[in-house]
Amino acid sequence: MLETTLAAIRPPDAEAMTAARDLQGRLTKPAGSLGALEELSVRLAGLAGACPPPLPEPAAVAVFAGDHGVHAQRVTPWPQEVTAQMVANFLAGGAVVNAFARQAGASVTVVDVGVATPLPGDPTAAADPAAEGPSGPGTPRLIVAKVRAGTRDLTVTAALTRDEARAAVETGITVAGRLVDAGAGILLTGDMGIGNTTPAAALIAAFTGVDAAEVTGRGTGVDDETYQRKIGVVRAALRRHAPDPADPLGVLAAVGGLEHAALAGFVLGAAARRVPVLLDGVIAVSAALAAAAFAPDAVAAMVAGHRSAEPGAGVALRHLGLDPLIDLGLRLGEGTGALLALPVVTGAVRVLHEVATFDSAGVAEK
Ligand SMILES: O=C(O)c1ccc[n+]([C@@H]2O[C@H](COP(=O)([O-])O)[C@@H](O)[C@H]2O)c1
Ligand SMILES: Cc1cc2nc[nH]c2cc1C
């Protein structure tokens, strides 16, 4: 399934992009006055192969959750159980992602690809793995697709086998396909995983070649001693596994995480269906680097929602050639930054649908 998805990813439609650029020049506003929104509208026209492209509605956020063997190296101050507890919080509608999703009118789908501890109250009993598509904005849905109960410690051995990494990537592709089949016009990435900024930093270093110290951040907020240890852990993992950036499945297996691999698949699934995917923070952009290594044309489907405060996020976005829409110092994850950026994306497209041209409105040109 990964191979057929990669084969379906094609370059953007140049004709639709030219039409969008031309239309932008005829709308009743000074040329260029909508700044980055203009080029964004052109990119989305190219992705859809239509001018104007469809409004990116309804929006669906998928929060991929997993745990990390590297937690044993004390790279985060939070207990591992918080991953499962936050999944329960997402399902109860009590997390920031839920508040922002309700505001944006987006559905929330939580995907357990590798949570290590049982979910409190066993919501899996209520989960319907056969359920199709997103729920409404108010009622999050759980998909249980646990590849394994957390990764292995990447300082000791590969985090995942290639088969496990592939299974997680294919879960992400499947979830993207289901959400698009159910009508989603844009997909948003979300993640939850105590310790997951450590594999995110390792992935970014592996794919960009930038030094561990420049891509490793403080995650949920670690003290100086933990931060130095975390840089050492990322550096040791890269030295031990020497991941080859031309082999994205191998990189994800060696130093990634189950949610990172699933997110890479989610991005590929969106690109194959020619639906935009709005990237959240550092975990999402580390996964996006893997997606781009699988299929360089997948970048055409990516919109960078925001620049996470994690230093690796800026490094990854530069490597992808993406400018983030907002930069608010966010470092929460869950999909929160992507949700805040959603109205900007919708606005960029709405302009092409609704704004009059100089000709039609009888407004004189300069
Ligand atoms: O999205 C981001 O850029 C981001 C930056 C820092 C932390 N996080 C979230 O915090 C958790 C990982 O932090 P840590 O310190 O445990 O590695 C995980 O659940 C992420 O969703 C997310
Ligand atoms: C409370 C909490 C909420 C989160 N949401 C995403 N990552 C998180 C990490 C913690 C610790």
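## Reading helix packing and the nonpolar core

H6 and H10 are roughly perpendicular to each other in this predicted model, because the angle between them, about 105 degrees, falls in the range of 65 to 115 that counts as roughly perpendicular.

User: Which residues make the contact of H6 with H10, and how do they divide by class?

Analyst: Helix H6 (residues 162–181) and H10 have their axes 8 Å apart, and their contact is made by Arg162, Ala165 and Arg166 of H6 together with Leu249, Gly250, Leu252 and Ala253 of H10. These residues divide into 4 nonpolar, 1 polar and 2 charged.

User: At what angle do H10 and H12 pack?

Analyst: Helix H10 (residues 248–255) and helix H12 (residues 282–294) pack at about 155 degrees, with their axes 9 Å apart; an angle over 145 counts as roughly antiparallel, and H10 is therefore roughly antiparallel to H12. Pro248, Val251 and Leu252 of H10 meet Ala290, Ala293 and Phe294 of H12, and by class this contact has 6 nonpolar, no polar and no charged residues.

User: How should I read a nonpolar core, and where does the largest one lie?

Analyst: In soluble globular proteins, nonpolar side chains tend to be buried together. Here the largest nonpolar core has 128 residues, and those with the most contacts inside it are Val61, Leu187, Val267 and Ala288. H12 gives the most to this core, with 12 residues. Both domain 1 (2–53 + 352–361) and domain 2 (59–346) give residues to the core, so it lies between them.

User: Which residues does valine 267 touch?

Analyst: Leaving aside residues up to four places away in sequence, valine 267 touches Val277, Ala287, Ala288, Ala291, Ala298 and Met302.

Key:
Residues numbered from 1 in each chain as written. Chains lettered and ligands numbered in written order. Predicted model: local features only at pLDDT ≥ 70, side-chain atom pairs only at ≥ 80, totals over all residues. Axes fitted to C-alpha atoms, helices over the stretch in contact; angles between N-to-C directions. Helix = DSSP H or I, 4+ residues; strand = E, 2+ residues; numbered from the N terminus. Parallel < 35°, antiparallel > 145°, perpendicular 65-115°, else oblique. Contact = placed C-beta atoms within 7 Å. Nonpolar A, V, L, I, M, F, W, Y, C, P; charged D, E, K, R; others polar. Core = buried A, V, L, I, M, F, W, Y, C linked by C-beta atoms within 7 Å. Buried ≥ 20, exposed ≤ 12 C-beta atoms within 10 Å, placed from the backbone. Domains from an automatic or database assignment.
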